[in-house]
Each structure stands twice: as C-alpha cells, then as structure tokens.
Amino acid sequence: MIYEFDAVIVGAGGAGLYAALEAGRTAKTAVISKLYPMRSHTGAAQGGIGAALGNVEEDKPEWHAFDTVKGGDYLVDQEAARILAEEAVQTVYDLENRGLPFSRTPEGRIAQRRFGGHTRNFGEGPVHRSCYAADRTGNMILQTLYQQCIKNDVHFFDEFQVVELLLDGTRCTGVVVFELKTGEVHIFKAKAVLFATGGFGRMFRITSNALANTGDGPAVLARAGIPLEDMEFFQFHPTGIKGMGILITEGVRGEGGILLNSKGERFMERYAPTMLDLAPRDMVSRAIMTEISEGRGVRGDREIDDWVMLDASHLGRDVVESKIPDIADFCKTYLALDPADEPMPVQPTAHYAMGGIPTDIHGRVDTGGTVYEGLYAAGECACVSVHGANRLGTNSLVDLVVFGRRAGKHIAEYVQNVTHGAVDEGAAQAYAARVAKLKTEKGKHPGPIYREMQSIMTAKVGVYRNESNMLEAVAAIRELREQFKDVRVQDTADNFNTEVLAILELENLLDLSLITAASAENRQESRGAHSRPDYPDRDDEVWLKHTLARLDGNTISIDYKSVDVSIWEPKPRVY
Amino acid sequence: MNVVLELYRQDPASGGEGEFKSYELALEPTDRILDGLIRISRDMDGSLSFRKSCAHGVCGSDAMRINGKERLACKTLVQDVAENEGDVVRIEPLRHMTVQRDLMVDQQVFFEKFRSVKPFLIPQDEVQEKERIQSPEERALFDEATKCINCSACYSACPVLDDNPDFIGPAAIVAAARYVLRYMSIRVNSYLVSTAYRYRQKLW
C-alpha cells in the first residue's frame, strides 16, 4: 500500500511521542512503531530526569549545562547543552501539568535526588537535580505521553518496521515499511520523517537494553549513505545485575548506596575523592574494571565477567521500599536477595549510545556540510551532540523530551511550506522480493551469528579497548556480515513472521557493530567512555572533533566534524 | 537442567487448529522462561512466534500462560515452574483475545477498552504555580494505580470476561481509578478518599 502523511514519526518512545504531539498540531502525522503501545524502552528508564528546578536546594540551568559538557569530556556541542539544560526546566513542568506522577517533596513539589556528575556551582559537590517518580520515571513519561497521544487522537501504526529510507538527493520523501501482521511492504510518503528508534545495546552480550534495541533507524540511514557520528562512544553503566545486565539505577547511589570490592573497601574513594560513588558513569565503570583486573572483584580471578557489590542495606527498609521499589523487586526475582538486607552483585552493562544520527539543534539531520531536508532524528538514536563522550545520568530523558519536542515543533512549521517529493514506488516491491528470498532458499539459523557478534563486541570493544582487540573485532564483524548472507528463515508464512523481523534486526546490529568498532579503532586517544590503555590521555590538539563514519559495503570511511566549544574552554576532568 | 517446553502452536491464517509441540532443551534453573523461548526461536525452530522486548518485567510484551497461570515469561525463572530434570512446562497464549499466531494474541480489543476510559488527566483547575502542589500522602493514594504496565495478563485471567466479553476488564478500571483517585486527592474529600482507598484494596 501507499500511505501519505505530512509527517511520519518512526518510534513510539519518549522522543517520538513528544514529537508526534507537537507535529500533530498542524501536520497530518503518523507514528510507526515496531512494538505495541507503551512497550518502548523509554519505559525502562529508572532514576529520573535532570532539571534545575531548585526544589530541594539552589540550582541553575547553567550549572546543569556545565556538568553536561564536563561529563561528556568536552566533546559536547556547548550551545546544544545550554538549550538542553534551559529547556529541561519548562519541559518537566509541562510533563507534570499533563499528569506525570512525580514523587513529591514534603512541601508538595516535584521531588529531586542526587545523581552522578550533577554538581552545584561548577563541581563543588553533588546537587539534588534529578526529578523522579520512584524508580520508574521513564515508564511514567512514556505513559503520560501516550495518554496525551490518545487525548489528541494521534494515528498509530503498531508493529510496523521501517526498513528503508526514501531520498530524492538530500531530501527525504518517505520510508519503506514492513508490516508484521501481513508481511506486506508499504510505502509511506511524507514531507518529513523523524527517526526516534532508540538505542542499539543489543550488539553487546551484557546489556541493559531491550531485545528491541537494535538500532533500526541509524542502520537504515547508514545504508542510505548517511554517516553516523561518534559511534565509538558507548556508555557502560557501572551497575548492571551480574550476568544479566539488567539495570540497577544510579539512583541507588544517589540515595546513598556504595560500591564495595571483595575486601569490603569503598574503592571509589581512590578514584573520585569528591564525587565518590556519584562520579560519572565512565569513571565508575573503569574503577570497577580496574578493581576486577587487580584481583579485587568478588570472584577474584581478574576475568572481565567478575563483579563487585553495591550496598544499599544501610539505607533502611523504608528508603529501599519507597525510593527504589522496582530495584528491590528485580533483586528478589532474579537474584533471590533483598537489597534492604544484603548487597547486590553488579558489573558494568552496555547501556547507552552517545553517538548516532548527526543532527542540529532542531533535530534536522546535519552531517556538518549537508542538511538533509525533511529528515529528522531525536532521542538516543540521534547525536545532537549533548552527551559528547559520556552521558550523565538523567540526561537521556532530558534529551528525549527537549529535542523530541524541538524536532516536532520544527516539523510542524516545515511541512506547512513544502509539497510531497517524488518517491520510487517500486522500492516496496524490491524490498518484498528481498524478504521473499529469505524464505525460498535453505540457509543457516541466525543464533550463532547473534551470539558471536555480542561476544566479540563485549570482549573487544568494551570498557577498555586497545588497538589489537579492535582490529580483531573489525575483522570478525566483517566476517560475520559475510556469513549473514547465508542466513535464511525457516518460517515461510506471511502473517506475523517474527523470524523475518529478527533477521532484519540482526542485520542492523551487524552494520552498527562494524561502524562502532571501526570508529573506536580509529580514535587514538582516551576520552569519556572511550578508554584505550594504549592511548591513555585525552588529546585535544588532534582529537577534539566528532567522528563521522560512513558505511560502504564492508568498509568504513571516516571524516570529522568540529566541536562547539563556544562557552567553556576544555579543561582536565577531575571529580 | 533439561526441561521440556510444551508450546501452543497455531497459525489461524492457514486454517490450522491449535496443537502443543514439545521442545527439550538445557536451561539453568535461574534462566528466564523467555530465555528458553528465544533459544528455541533462534536455534531450533524459527517459526515460533511470541512477543518480547525489555526482558525484565517493565514493558509488558511477554505475558502468557505458564503452567496454567498468567505470567510474564521474563519474570518467570525456570526454577519457579520446574523442579526436576525433564519436567514439562506448558506455555499457552493469553485468553479472551484472538490468537494471531502461536503465543501472540490480538491485544487491540484490550487497548481499545483502555482508551475508552479516557486514561489521561482532564485538568479540573488551572495550575497556580509552575507545578501542581500535591503532598506525598496524596501522591501515595494513587501510587498502586501507576504501576500497571498494560501487559493484559489480568484481562486473560479475569473470570468476568468468561461470561461477559463486553466487560472492560481490570486494567482499564485501574487506569480510570488512577485519575479518579488523583482528583479526589486534589479535592481532599476525606470520605471519598477513604472509600476509594478501600475500593483500591479490594481491586488488588
């Protein structure tokens, strides 16, 4: 079928829904999601959304912006960070006014807690900035925005997977979409398309990400020849449940939880004397991996799958049950332990892509020289860049709502003044033929390739990476991409063929794994989440620049884009 | 340990009747049932259809009936439903919704009923300050009602729906109750609040 809308929003998480609400004010808007409503991974965000409301103590957006820049190890575009911090305040009030059930202070205002890397007065000490709804803030944002979409009659296409971008030169004219229910391939003609497809942590074995986080948006754009920005910067959250990767929010440490090694030492005292356990995530993850590699992990064998302990038992049962109830529930379900009584076994878990689709502050795809007309991205799949080399906790939710909203507003304006562009209507048929080929020949199961990709990325492009490991990873992923050509489905049905979907997702992850590994191998310095023992220092002279990596067959070509350092001069990063 | 997952299989599009098919596989007692389903689909039988996403009980995708009870496959560990080597775990789709394929059911009716209660804030008052003022106690009043993840397990388990398919179901009532309780908390009508509180206790 051929559908026609002014605006198509791909993805129904926080960024997509906020953009849909804004775009829908003037534009005929459709939201395409591969999931059912309210299943998107925004719903898994726990600890809070940062905004300098000052409800608990003095705070200023300027401090928030500075923390964001410093937290990102100065690879952040500073004007974008200023917008992030300033607009966060009004956006949080807007969400509250629309019914988001924030936790409350005794005075009845939105409650705020401490979070990693968020400081008062440019680094003096931790500040209460994270606005939270217990430990399910993301879920409340997702629910509230979806409820508003119901109220505003937003048009949803559930379980539709975007597979190709339609471009006329550098102008976006629509997308090609695979419908799970029927197996049909459709064309969605649109004046503007926003990608808000979230992250791609599933390229790693240990991850906090949902099974659906397969980077569909960035991969589709990469295959259309659009370079991706700063893909080497992937955040490993310090506290995932051992072996499973399920997130234990930084809010546990924000409430006073502490990390302990096998000797019972509070080891963060040695790595970040001021911020301690609330240092930024890259530093805490490195500290944990250093403790492990020096034999002070719980098992003590120096292997990368060893772990440390996160202790919240001294906080008391009341705090655990009121402030982090879901965490307590996860621990009981998966570890058979009660965090009010005993510490939790944790290890770093692949959590968040700082890099992604390059955009400007309006969400328009902008590769530093070319602005793609009618093509937008927001949220985790985008790179504005407000997170630079390392995102601060709570800033993912801020990014979603602030830049989802900005992109939606821009789209609402933009579509008023343009007509539909030309689309190649044969694109749907061509894609359908590709899917049919997956069914007509015999081939391999995708399982072994999936597991191999995840093992390689975890072992060789993890918290610490070095030259030889990354070269091995690049070669191995290339080989897996070759093997992938022999993967076929067993399921030949048209309706609800989840196997076809799984294979399309694996293809996306393989493409993004290659771009990530190659971008990482290329950057010869250590900055933020990109830590190289062979190049241990940050090198502003050569590397204060964004990577732009272009996928071409099985090779990656690298280019660069300058960093906006117009407000604060880069300084050494100490906490 | 080796367990046998006995899975409901059906493809209504090809006119097929439902049947159970058994898959034997080695799982750790602490693995999730979802891990077993993923293993089967990736390595043994790619035609198995089921929904999944967050894999830790937050998104609500993988509700199904496991040994006769509505549960999330990602929050059910093997040891919760199988004790001994070779134990059989029977997995079926949710009830009261049409099977689309295997363990996937059409939740459209569930979401339509959810939408029908207008599950959103209809402001009764102007916001006087930047945010509405609400005490922690008022906030606590409807806390339980914010926890629903719309997995539709309750819709499957609800005995009322056995006899009356038009019943909107527990989740939609919870969504409505959330805003009713919230309005009451704003107006601080102690009688209504205490009545609502007792009602809530019964509902859960």
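B:His96 comes out as partly exposed, at a relative accessible area of 27% (buried is under 20%, exposed is over 50%, and partly exposed is in between, with a 1.4 Å probe and protein chains only). This is a predicted model, in which local features need pLDDT of at least 70 and side-chain atom pairs count only at pLDDT 80 or more, while totals for chains, interfaces and linings use all residues. Residues are numbered from 1 along each chain as its sequence is written, chains are lettered from A and ligands numbered from 1 in the order in which they are written, and side-chain values use heavy atoms, with hydrogens and water left out.

Back to B:His96: this residue has a positive phi of about 65° although it is not a glycine. Its place is the loop between β5 and β6 (99-101) of chain B; helices (H or I, at least four residues) and strands (E, at least two) are DSSP runs, numbered from the N terminus. B:Asn150 is another non-glycine residue with a positive phi, near 55°, and sits in the loop between α4 (136-141) and α5 (153-157) of chain B. B:Asn150 counts as buried, with 4% relative accessibility. Over in chain A, the peptide bond between A:Val384 and A:Ser385 is cis, with omega at about 10°. A:Ser385 belongs to the loop between β18 (382-383) and α11 (395-414) of chain A. For context, most residues other than glycine have a negative phi, and most peptide bonds are trans.

Next, the pocket. On a 1 Å grid over the protein atoms alone, a pocket is an open set of points with protein on both sides within 12 Å along at least five of seven lines, and lining residues have an atom within 4 Å of a point. The largest pocket has a volume of about 940 Å³, where grid points are joined across faces, edges and corners and the volume is the space filled by probe spheres set on the points. Its lining runs to 29 residues, and nearest the centre lie A:Arg205, A:Gly243, B:Asp31, B:Arg32 and B:Asp35. The largest share, six residues, comes from α1(B). Sorted by class, the lining has 13 charged, 10 nonpolar and six polar residues (Ala, Val, Leu, Ile, Met, Phe, Trp, Tyr, Cys and Pro count as nonpolar, Asp, Glu, Lys and Arg as charged, and the others, Gly among them, as polar).

Chain B has eight helices and seven strands, and 53% of its 204 residues count as buried. Of the contacts in chain B with a separation of 6 or more, 60% are between residues 24 or more positions apart; contact means heavy atoms within 4.5 Å. Five strands of chain B make an open sheet with mixed pairing, in the order β2-β1-β5-β3-β4; two strands pair if DSSP finds at least two bridges between them. β2 (19-26) and β4 (69-72) of chain B stand at the edges with a single partner strand each, so one side of each has no neighbour in the sheet. From one strand to the next, the twist averages 35°. β1 (residues 2-9) of chain B and β2(B) run antiparallel and are joined by eight bridges, with B:Glu6 partnered by B:Ser22. The helix α1(B) lies across β1, β2, β3 (63-66) and β5 (88-92) of chain B, at about 95° to β2(B); axes are lines fitted to C-alpha atoms, for helices over the stretch in contact, and angles run from 0 to 180 degrees between N-to-C directions.

In chain A, seven of the nine residues of strand β1 (residues 2-10) are buried, so the strand is largely enclosed by the rest of the structure. β1(A) pairs in the parallel sense with β9 (residues 185-195) of chain A over eight bridges, where A:Ile2 has A:Ile187 as its bridge partner. β1(A) also pairs in the parallel sense with β2 (residues 29-33) of chain A, over four bridges, and there A:Val10 stands opposite A:Ile32. Strand β4 (residues 112-120) of chain A is likewise largely enclosed, since seven of its nine residues are buried. Five bridges tie β4(A) to the antiparallel β5 (residues 125-131) of chain A, with A:Arg113 opposite A:Ser130. These two strands, β4(A) and β5(A), form a hairpin with four residues between them, and A:Asn121 in the turn has a positive phi of about 50°.

Finally, A:Gln148 lies in helix α4 (residues 137-151) of chain A and counts as buried, at 5% relative accessibility. Apart from neighbours within four places in sequence, A:Gln148 is in contact with A:Leu21, A:Arg98 and B:Phe120.

Terms used. 1 Å grid on protein atoms, 1.4 Å probe; cavity = no way out; pocket = protein on both sides within 12 Å on 5 of 7 lines; lining within 4 Å.
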